[in-house]
Each structure stands twice: as structure tokens, then as C-alpha cells.
Amino acid sequence: MDRVDGVDDAFIELDGVEKVFEVRRKTGFLKRERRQVRAVDSISFRVERGEMVGYIGPNGAGKSTTIKMLTGILTPSAGRLRVAGIDPSRERTRLAHRIGVVFGQRTTLWWDLPLVDSYRLMHRMYRIPDARYRENLDRLVELLDLADLLDVPVRQLSLGQRMRGDIAAALLHDPEVLYLDEPTIGLDVVSKARVREFLRELNAERRTTVLLTTHDLQDIEQLCKRVMVIDHGRLMYDGPLAGLHEAGESERTLVVDLERELPPIEAPAPARVVRVEGPRQWLAFPAAESAAPLVARIAAEYPLVDLSVREPDIEAVIAKMYAEQAGRAVS
Amino acid sequence: MGSGRLYAAVAAGGFRRYATYRAAMLAGIFTNTVFGLILVYTYLALWDERPHLGGYDQAQAITYVWIGQALFKTLGISGGGFEDELMERIRTGDVAVDLYRPADLQLWWMAADGGRALFELFARGVPPFVIGALLFPLALPGDVMAWLAFLLAVALAWVVGFALRYLVALSAFWLVDGTGVVQMSWFVGWFCSGMMLPLNVFPGVFGDIVRMLPWSSVLQAPADVLLGEADPLGTYAFQAAWAVALLAAGRLLQSMATRRVVVQGG
């Protein structure tokens with residue numbers, strides 16, 4: 001992202017941020033081995049106000065550590081980090097009034113008490129003016145369809161209901177930025193769609209900056225124009241979602257149905273047969289190339305019955321990226 | 001103050017959370033009454049043999065039993081307060097949610113435990129005490145001031161008890177399995193607060209030491225205020241000193257914990 005001498009609209013800024021944990025491992029009865037784990041390794045990026053950015057990576061890649069540094073509950077070991085101009089770990093409480101956080105696998109709601117009790121607590125905790133609290137609550141209850149759930153103890157809510165309840169709790173104080181850590185994990189298709197729809201509206205209407213961490217690439221595809229990929233604590237990709245295909249050297253697949261079972265098609269490189277199953281064969285070729293010459297050649301030389309082209313699966317692209325990174329790390 | 005309203009809301013939530021479990025409340029009243037009865041007959045046997053043991057007459061000894069039953073759950077003398085939940089949150093990493101809030105961790109849990117304690121005082125403290133008073137002649141003061149003095153001592157006892165249990169709970173940041181520490185704290189809390197026997201009965205250096213420890217301000221101190229065996233102001237000073245020291249230790253441990261410890265679960 002381009003920047004104009006520090007007066008850009010960057011809302012979240014990271015410059016060479018690192019987080020090193022010291023892990024002590026038991027190696028004997030009383031012996032401990034100290035080891036340093038670099039959970040986040042020199043990450044720099046900036047997110048502008050009103051952007052909606054996907055932050056993805058495999059388990060243990062450093063996503064949650066980054067989010068925790070952005071909320072101020074973890075202090076970076078090195079580098080510079082600012083959210084809304086605030087250094088999170090130094091002014092955690094001041095920043096807390098301006099951010100909202102949803103951890104998909106944790107809840108901020110009071111387990112034993114009706115949902116609305118947790119909201120009343122947020123009212124006090126964030127010192128939300130009464131009128132604005134009422135207004136925000138009414139709006140969130142309507143948009144997230146919570147009206148029938150307000151008096152239900154949180155422990156009786158389904159996962160999808162609880163997640164909507166948690167999202168509302170994170171937004172009552174009108175945060176300028178929302179961190180979502182796996183907001184759709186474990187949700188059914190309908191609940192997922194509902195959460196995504198809500199986030200899209202939130203971002204469009206309120207210009208709330210959203211940083212979304214997820215394993216579900218559909219979340220990203222449907223919500224984010226920009227995606228950042230992190231692995232082993234390093235930022236491996238930062239750009240438009242479409243660009244991931246090029247960066248990951250992804251391939252499309254041509255599925256060919258022949259009249260009968262035949263040996264693998266002799267295709268011109270770099271296209272190659274990756275799978276044969278009876279009369280059906282799968283050929284991989286670079287996503288950037290046209291399928292036409294390949295199709296023409298096969299049609300000319302083989303008894304072709306039917307064919308289809310499959311677009312690269314973004315998950316496969318990312319998996320390939322991780323694998324390459326791991327390969328480089330080993331060599 | 002705005003934050004005063006927040007912690008009042010947290011305390012109110014703590015109160016209501018415990019109030020939702022009615023069956024547990026009834027079971028608790030039953031348990032405390034039965035334990036009270038067992039202890040009463042044990043003490044009666046003891047005080048028959050050794051009248052004025054620890055400076056108490058028989059009625060005072062029986063009164064002491066029912067004070068103990070009233071405060072046992074209220075002050076979490078052998079656990080059962082907020083600390084189980086906080087330790088679980090630390091173990092699972094849910095404490096991250098508590099940490100990013102614009103609130104202080106210690107005050108938050110103190111408020112929550114205050115709400116709980118207030119509920120337990122009425123729900124599980126008063127009923128066994130009333131049952132005890134109906135069944136046995138108790139040595140209770142007649143004037144309101146003595147009762148108010150007692151309640152203030154109970155409030156301070158709760159602060160000390162909270163501060164001790166907060167230290168126990170924070171150990172979960174360092175220990176993956178805190179069961180040992182918790183069980184130890186139950187036993188120490190139970191014995192050293194005077195749940196088994198009033199600390200007054202222990203002779204010599206052992207008695208002197210055990211009466212100086214913070215746990216003695218949890219049960220022995222308020223009991224002696226109600227029984228007219230201790231000067232309230234001196235008792236308050238003793239309790240307040242421990243409260244301040246232990247709360248400060250909790251703050252220190254809290255800042256160490258949040259600075260150095262990886263929150264579990266990535």
C-alpha cells in the first residue's frame with residue numbers, strides 16, 4: 001500500500017512488529033530447556049479506515065498473536081504498532097473504548113445470565129450514553145435478529161445465536177475497528193450467511209474497519225477485497241484476493257471424459273495428467289494460460305465425449321503457498 | 001463515578017448468577033446445617049471435658065460453630081468462590097477476553113465475588129445460623145452496635161479472603177494444572193481460619209503463629225467481634241493490614257502474569 005509521508009489514512013499500522021515467546025520445555029525430572037519461539041516475525045502492514053481485510057494462515061501461524069497485540073493484551077517484542085494512533089499495550093484501556101473484539105471460540109457474554117444482562121454490563125463498561133446505548137441495542141437486535149433471545153440465559157443459546165449475541169456485544173459502543181477471530185467457526189450454512197451479511201452491511205454503512213481472521217476462505221471471498229496471508233509468523237502475501245492465484249502459481253483443472261479407458265493423455269508441457277479414473281482424466285495447467293489450445297489438441301487426437309474446466313480452489317492455492325514456504329524453510 | 005457503576009453492575013451480575021441455582025442453594029443450606037450439628041456435638045463433648053477452652057464458655061463455643069457455618073461459603077473459606085471460574089478461564093485462555101476489556105481484572109473479580117458473597121450470606125449463611133439459634137442456646141449480643149461491628153468485620157474478612165483466593169487463582173498462569181495448589185489452599189483455609197477449631201484453643205508458639213496469619217482474619221476475627229472477645233478496632237486494623245498487603249501482592253502477581261505469560265490457546 002502506498003503511503004504519503006505519514007499523513008495517510010492508515011488506521012492500523014505495523015512496522016517490523018515481532019513477538020518472541022520464551023517457552024520452557026521439560027527435558028528431565030527437573031531440567032528445563034529454554035527455547036525462543038518467534039510467533040510473529042517482522043510484520044509490517046497498514047489498514048486504512050473503512051477497509052475490510054482478511055487475515056489468514058494455518059493454525060499457529062501467528063494470527064491470534066497479532067490480534068492480541070492489536071488489542072494491547074500482548075506487548076510486541078520489537079517494532080512499532082499503532083491503532084487509531086494509540087500504542088495498544090501502553091494505553092490498552094483507552095484503546096479498548098475504540099475497538100471491538102469477537103473471538104469465535106470464546107465468549108464475552110455472561111454464561112448463566114440472560115443475554116440482555118451482558119449488554120447492560122457493556123453499557124456500564126464502555127460508559128455508553130444512555131440514548132446511544134438504546135439506539136445501538138435496538139439496531140443490533142433488529143439486524144442480528146436477537147429480539148427473542150434477549151431474556152434467554154446465554155448457556156441455552158445455540159452456537160450461531162451466541163455468536164450473533166457476541167457480535168452485538170462487541171459493537172454496542174460503536175467501535176471504529178472490529179477484530180473478528182474466526183467469527184463463523186462451527187456455524188451452520190444459514191448462520192454463516194447471516195453473520196457475513198451483517199458484517200458487509202456494517203462495513204458499508206458505518207465504515208467500520210474490519211480485520212477478519214478465519215479458516216473459512218468463503219468468509220474472505222465474500223467479504224474482503226484485500227487479503228493478508230501469514231505463515232510461520234511472516235507475512236507472505238498482502239494484496240487483492242484475485243492476486244493470490246498468481247502469487248500461488250495456481251493451476252486450473254481440465255476434466256476430460258473419453259469414450260473409453262485409455263492411457264494418460266500425452267499433453268504438451270506444462271499441462272499434465274494428474275489423475276485417471278476409467279474413461280475420465282484430470283489435467284492440470286497454469287491458471288494464467290488459456291484452455292483453448294489444450295482442448296483443441298485433445299479433441300483432435302482423442303475420442304472426446306465431454307469436458308469441463310475447474311477454477312483453482314483458493315484453499316489449494318494457499319495450501320501450496322504454505323507448502324512452498326515450508327520447503328524453503330527446510331532447505 | 002462511571003467505573004463504580006461498572007463494578008456495581010458486575011457485583012449485581014455475580015449476585016444474580018448464584019441466585020439462578022435454587023437447588024444448589026437448598027442443598028447447601030442442608031449441608032451447612034448438618035456439618036454445624038456434627039461440630040456442635042463434637043464441641044459439646046470437648047467443652048464438657050475442658051470448660052473455658054480457648055477462653056470460650058459452652059454457649060460461645062456453639063455460637064462459634066454457627067458463625068463458621070454461616071461464613072463458610074459466604075467467604076469461600078474452603079474455596080467455591082470466583083477462583084474456580086477464573087482458573088478455568090486462565091487454563092482455557094478465555095481470560096484474554098477479560099484482559100482486553102476496559103476494566104481492571106482484580107476489581108472485576110472482586111466485584112463479582114462480592115455479589116456472590118452477598119447472595120451466599122443471605123441464602124446459605126443466615127438459614128443455618130437461624131436453625132442453630134433455634135436449636136441451641138447461643139451467646140449473641142443484644143445491641144445493634146455489636147451486630148454492626150460484626151458485619152464490618154465480616155466485610156473485611158471477605159476482602160482478605162478474596163485477596164488470598166485471588167493469589168491462588170493467578171497461580172494458574174504458571175501452573176498448567178492448579179489442582180494441587182487449590183486443594184492445599186482449601187485445607188490451609190479450612191484449618192488456619194479456624195473452621196475445625198477456634199484458633200484460640202491452640203497453645204504456645206503454634207497458636208501465636210496461626211493467629212497472626214491472614215486466615216485468622218477470615219473467621220476467628222469476626223467471630224471474636226460478635227462474641228465480645230476482641231476489641232473491634234484492633235481487629236479491623238489487623239484485617240485491614242492483611243487486606244492491603246494481600247491485594248497489593250495480587251496486583252503485583254497480576255502484572256507479572258499478564259506481562260510474561262502466553263495466554264493459552266494461541
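These legends walk through close-up views of a predicted model.

**View 1. Here is the six-stranded sheet of chain A.** The strands of this open sheet come in the order β5-β6-β7-β3-β8-β9, and their pairing is mixed. Look at the edges and you'll find β5 and β9 (234-240) of chain A; each has a single partner strand, so one side of each has no neighbour in the sheet. Going from one strand to the next, the twist averages 15 degrees. Helix α1(A) lies across β3, β5, β6 (177-181), β7 and β8 (226-231) of chain A, and it runs at about 150 degrees to β6(A).

**View 2. Now zoom in on β3 and β7 of chain A.** Strand β3 (residues 52-56) and strand β7 (residues 209-214) of chain A pair in the parallel sense, with five bridges between them. One spot to look for is A:Val53, which stands opposite A:Leu211 in β7(A). Leaving out residues up to four places away in sequence, A:Leu211 touches A:Ile12, A:Val47, A:Val53, A:Tyr55, A:Val177 and A:Tyr179.

View 3. Strand β1 (residues 10-26) and strand β2 (residues 32-48) of chain A run antiparallel and are joined by 13 bridges. To get your bearings, find A:Lys26, whose bridge partner in β2(A) is A:Arg32. β1(A) also pairs with strand β4 (residues 78-83) of chain A, again in the antiparallel sense, over five bridges. There, A:Glu18 has A:Ala78 of β4(A) as its bridge partner.

**View 4. Next up are the nonpolar cores.** The largest nonpolar core has 142 residues, and those touching the most other members are A:Leu172, A:Tyr179, A:Leu211, A:Leu212, B:Ala153, B:Ala157 and B:Val160. Helix α7 (residues 144-170) of chain B brings the largest share of this core, 16 residues. There's also a second, separate core of seven residues, with A:Leu254, A:Phe285, A:Leu294 and A:Ile298 among them.

**View 5. Let's stop at B:Val160.** This residue is found in helix α7 of chain B. Is B:Val160 buried or exposed? B:Val160 counts as buried because 27 other C-beta atoms lie within 10 Å, and the cut-off for buried is 20 or more. Setting aside neighbours within four places in sequence, B:Val160 is in contact with B:Pro214, B:Ser217, B:Val218, B:Gln239, B:Trp242, B:Ala243 and B:Leu246. As for B:Ala243, it sits 83 residues apart from B:Val160 along the chain, yet their C-alpha atoms are separated by 4.7 Å.

**View 6. Here chain A meets chain B.** The contact involves 24 residues from chain A and 20 residues from chain B. On the chain A side, α1 (63-71), α2 (92-96), β5 (99-103) and α3 (115-125) each supply at least two residues. The most comes from α3(A), with five residues. Sorted by class, this side of chain A has ten nonpolar, seven polar and seven charged residues.

View 7. An unreviewed UniProt entry carries the annotation "transmembrane region" for residues 21-44, 121-140, 146-175 and 187-213 of chain B. In the model, residues 121-140 of chain B are 75% helix and 0% strand, with end C-alpha atoms 18 Å apart. Residues 187-213 of chain B are 56% helix and 0% strand, and their end C-alpha atoms lie 14 Å apart.

Key: Residues are numbered from 1 along each chain as its sequence is written. Chains are lettered from A and ligands numbered from 1 in the order in which they are written. This is a predicted model: local features need pLDDT of at least 70, side-chain atom pairs count only at pLDDT 80 or more; totals for chains, interfaces and linings use all residues. A nonpolar core is a set of buried Ala, Val, Leu, Ile, Met, Phe, Trp, Tyr and Cys residues joined through C-beta atoms within 7 Å. A residue is buried if 20 or more other C-beta atoms lie within 10 Å of its own, exposed if 12 or fewer, and partly exposed in between; C-beta atoms are placed from the backbone. Helices (H or I, at least four residues) and strands (E, at least two) are DSSP runs, numbered from the N terminus. Two residues are in contact if their C-beta atoms, placed from the backbone, lie within 7 Å. Two strands pair if DSSP finds at least two bridges between them. Ala, Val, Leu, Ile, Met, Phe, Trp, Tyr, Cys and Pro count as nonpolar, Asp, Glu, Lys and Arg as charged, and the others, Gly among them, as polar. UniProt positions are given in the numbering used here, feature names are shortened, and annotations may be inferred rather than shown by experiment. Axes are lines fitted to C-alpha atoms, for helices over the stretch in contact, and angles run from 0 to 180 degrees between N-to-C directions.
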